[in-house]
Amino acid sequence: MDITRRAFIKTAAAQSAVAAAAVLFPGISFGAWKNLDTSSGGIEWKKAPCRFCGTGCGLLVGVSLDRAVAVKGDPNCSVNKGLCCVKGYHSIQILYGNDRYRKALVRKNGELVETPIQEALDLVAEKMKETIKDHGKDAVSIYGSGQWSIPDGYAASKLFKGCIGTNNVEANARLCMASAVTGFMTSFGLDEPMGCYDDIDHADVFVTWGNNMAEMHPVLFSRMLANRKTKTHVKIIDFATRTTRTSQAADKSIIFSPQTDLAVANAICHEIIRNKWVNEDFVEKHVSFRKGKTNIGYGTEDHFKFTDKEETADFREYKAFLQDYTPEKVEKISGVPAKDIKYMAALYGDPDKKVTSFWCMGMNQHTRGTWINNLVYNIHLLVGKISTPGNSPFSLTGQPSACGTVREVGTLTHKLPHGVVANETARKLAAEIWQVPVENIDPKPSYHTVEMFRALDRGDIRFMWIQVTNPMVTMPNLKRYRKGAQKQGRFIVLSEIYPTPTSDIADVILPSALWVEREGFFGNSERRTQHNEQMVPPPGDAMCNTWQLIEVARRLGYEKQFPWIREAYIEDIWNEYIQFHDNPKHRMASYKELKARSGVQWPFVDGMETKWRFNPEYDPAAKGDGFDFYGKPDHKARIWIRPYEPAAEFPDNEYPLWLNTGRILEHWHTGSMTRRVPILHKSAPASYVEINPDDAGALGVTNGSRVKVSSRRGSVVMTASINGRGLPPKGMVFVPFFDENHLINEVTLDAFCPISKQPDYKKCAVRLERA
Amino acid sequence: MPVFSYLAYPVQGAKEELFNDLSALDYCEAMQAENKEVLILVTDTPDEKTEKALQKQLKTLKSLQSLGMTFGHTDQ
Amino acid sequence: MGESDRKLGKLFLVFAAICIIALPFIVFSAISYEPDEMKVTVIAPQSRAFDENGDAVFQDYDRIAKEYLQGTSTERTLSEYYLRREYAGSPPYIPHKLEDESETEIDCLTCHAKGGWTEELERNTPLTPHPEHASCEQCHVKMTTEALFAANDWLSLPPPRLGRSYLPGAPSPIPHDLQMRGDCIACHVGPGTVTAIRVEHPSRGNCRQCHVPDLFDEPFKRK
């Protein structure tokens, strides 16, 4: 046991005694030991954004000596105003699992062997050089994460895109946010929501589109319930494929058949037009119509390519298109009663009601993810309910920095911190800030995530550095990609904190400093950037991911581009990075400002945050009267003609059930952190399959029975849950994906949205058998 | 390496004496309350055997009336 | 033109006619966005009574006045609460009489479904966590004598201890089973509750976002 840990335990022992004495003898004082004054309990509170979902709750982490010992909600943070969820309150326990990686590991004769970290970093650099020499620069790749701190993603992009010159930079946010991005880009020309969480306090109606907020964004959901309680007329409509805690709390729960949200969204627009609820003035001034390709495929084959063709349309054409989507016709494919469609249309259409739509993975993990994002924007644009307090189409994120690091830094194959690689001006700006020759930056995007793992399987990619993510649990159609990664001649580097199934395929494991063990920034769903300082030392040799990248970059000869010193590199990187966004549409707060405040929303112009973009009343970049959708050259938002098309795979005689997958309250993503938090594991120790009571009855299974779930790709045996946390309708089963001992992604399908390349984890066909 | 903390109650009027007795023992740290007749004792012994010996020794102290444990930590 | 040709011609005409009749159907099904295999029937509203009737919390939070939720009193103590039960989680005795002044039997739910002050007993009424069950006396009985028919050596587990938070200031886990007791508000919020288990933040509407059951003892292990 080391000295600091021992000292810590003794402090805790003394503190317990002081606390006990204070209860028995009110007013007791121990003058001898000043820092054990009972009011502060010897704890120093420091602010950090929560490590888990994209809500971005402000936490105050209690630090005593060199240990994080307690958490409370940050009352100064407008996101959560002092409240957290069960994960947030226990988040610091993720630092202290006994199986934390403390030393670098290198695979030798099949076994992972402890190695000094500098030696491991030498090996990583050497392998990269060798791979580039033998197979070209496009044979090396990095696969990062929406949990990357902003400097991590920035350093990765600079090294791979700017220095090495390959666009093989992807992040797991491709699996969670890509359709949201393409939705924003096609409808508005700029990424990320126009509104903010304050919309929750202003709206009269909430529609959750396939979004179980009660479990996935609980703090925002509570804010919604509090709004409803104070205002009494507020309504929550849960529009989903399965009945959940959110449906339980909603005023109305409407269930639709998977994939048919496309048809229902169009039917809502049909009703809005038929009833003359269109905000004609808004549409006239601020909207133009577009159509794209149809019958666009599902990407299940290797080398699948798709480029949409944007064509101008008009309102008349749009109206004609909607004739196929009367509520009565749509009822037949969606299972949603026509009267419920009309009810939703009436809520959106009522000029006296402010409406906020929320969505997350239900709409993004969708083979027509871009389309359904477009279609929900269509509804808001038709009635002009956008960019004003309470009127908000709001795309939520699932990771703490999917926005901050992946979308804003642009750690995706086609992106740069500002603009896309295909754009010459964007390449020039990046080359100038990065101090690299502009020719270094390849104008052609390479592989999106699914294709990157296919390329690894095929051998087009030979070296992959994986940071802060666990693809051997999260990739759909997992068996293929695991086999691919294990092939001869593949070299996998993993920056991790705990052993996971991805460790099992890694050749080098670099121990990472986690969250408050290093300084960093996250960016949440509402354009808020949040800073945290380093509060406690990382264990053993564990090293910040940014610094790992810097160490390797220098070994590759890029000292000039990575000149920073350990004492100040996070601040220096921030100052370099924000040059990319130095314009009124995206200006970010200074390092000093971020250090002082519980998050700052961009665009941050002249010391003012922007709460509602595109609205000149709130947004300094917006000009003129009413609204200014300045993301598009004509300053107009787009209404897209997008049809309903069926899912890539749907139930048939052989596989008669839909499989839906997702998260639960207690566990975050693959559970590599939350399963090591005692209370979260004790509450939810293993995954299960939720079955509708009718289907369970027909199969002869009861709650707790063992059941085999199989698809054309694989199977998993797990426990049946009937009337448990959620209730799928007849014909559907639901499985949480957090459990590495029950890999449901061996069952899922790797079909994706052809525009966003984001896989659909919510729909494939399975059958159940008793096991 | 066991660590324990206690509230130590002195026999009537022997707070100072108890503080001196406890401070004189190995592996012990004591703190007096300024305004109440109670002390805090933190013990930090290298192993189980020493811990047991220490506990025996504590029982022999004349100035000590009773001990109430408030915290315990052992490595295994 | 020979006989056989004429026959062929007729056959062709018939074929052509079939084609013309069938054409609209073929074209219609080709342009229709509705593949046959995707046809579904209307999905009826589903029961919300799952997750240990977790909907009760949301309903009560929305239904019960803010003032009531914030109400406090110190009339009931934890020991009194457990004394009315044979073991933690068993249905409590009825500690009061069941008739009003005119000797008519009172319906339990008139008071226990809505709570509030009762003049007669001079205390706040506790809420039932399961108002959906109306046949109260099936489980709750009145104690008419303290004496036992024959002595026994009954033992049970002690009630869950308080203050089980895993970290200082962290929300405590739920230490009891949720069957019949899924409505947190009934026992943990408002003036009818026992002080020791009353929450200090009744303005929060989604209890189980922070308080989760603590049921299993094994720590997480990789397979």
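Two strands count as paired if DSSP finds at least two bridges between them, and strands themselves are DSSP runs of E with at least two residues, while helices are runs of H or I with at least four, both numbered from the N terminus. With that in hand, start at the barrel: in chain A, 6 strands close up in the order β22-β26-β23-β25-β24-β27, with mixed pairing. On average, neighbouring strands of this sheet are turned by 45° against each other, direction ignored; the axes behind that angle are lines fitted to C-alpha atoms (for helices over the stretch in contact), and angles run from 0 to 180 degrees between N-to-C directions.

Before going further, some ground rules. This is a predicted model, in which local features need pLDDT of at least 70 and side-chain atom pairs count only at pLDDT 80 or more, though totals for chains, interfaces and linings use all residues. Residues are numbered from 1 along each chain as its sequence is written, and chains are lettered from A and ligands numbered from 1 in the order in which they are written.

Strand β22 (residues 657-662) and strand β27 (residues 764-770) of chain A pair in the antiparallel sense over 3 bridges. A:Trp658 has A:Ala765 in β27(A) as its bridge partner.

Now the core. A nonpolar core here is a set of buried Ala, Val, Leu, Ile, Met, Phe, Trp, Tyr and Cys residues joined through C-beta atoms within 7 Å. Buried means 20 or more other C-beta atoms within 10 Å of a residue's own, exposed means 12 or fewer, and partly exposed is in between, with C-beta atoms placed from the backbone. The largest core has 257 residues, and A:Ile268, A:Val709 and A:Val733 touch the most other members. Apart from it lies another core of 23 residues, including A:Ala13, B:Leu22, B:Ala30 and B:Ile40. In soluble globular proteins, nonpolar side chains tend to be buried together.

Take A:Val709 for a closer look. Contact means that the C-beta atoms of two residues, placed from the backbone, lie within 7 Å. Leaving aside neighbours within four places in sequence, the contacts of A:Val709 include A:Leu659, A:Val733, A:Val766 and A:Leu768.

A:Val450 gives another view of the interior. This residue is in helix α19 (residues 449-458) of chain A, and it counts as buried because 25 other C-beta atoms lie within 10 Å. Beyond its neighbours within four places in sequence, A:Val450 is in contact with A:Asp750, A:Phe752, A:Lys757 and A:Pro759.

Zoom out to chain A as a whole. Its secondary structure comes to 26 helices and 27 strands, and its C-alpha atoms fill a box of roughly 75 × 70 × 65 Å along the principal axes. Buried residues make up 63% of the 771. Of the contacts in chain A with a separation of 6 or more, 72% are between residues 24 or more positions apart.

Strands β4 (residues 104-108) and β5 (residues 111-115) of chain A pair in the antiparallel sense over 5 bridges, with A:Lys108 opposite A:Glu111 in β5(A). The hairpin has 2 residues between the strands, and A:Asn109 takes a positive phi near 50°. β4(A) also pairs in the antiparallel sense with strand β17 (residues 508-511) of chain A, over 2 bridges, where A:Leu105 has A:Ile509 as its bridge partner.

As for chain B, 18 residues of chain A are in contact with 20 residues of chain B. The chain A side there has 14 nonpolar, 3 polar and 1 charged residues. No contact joins chain B and chain C, and their closest C-alpha atoms lie 14 Å apart.

Definitions and conventions. Nonpolar A, V, L, I, M, F, W, Y, C, P; charged D, E, K, R; others polar.
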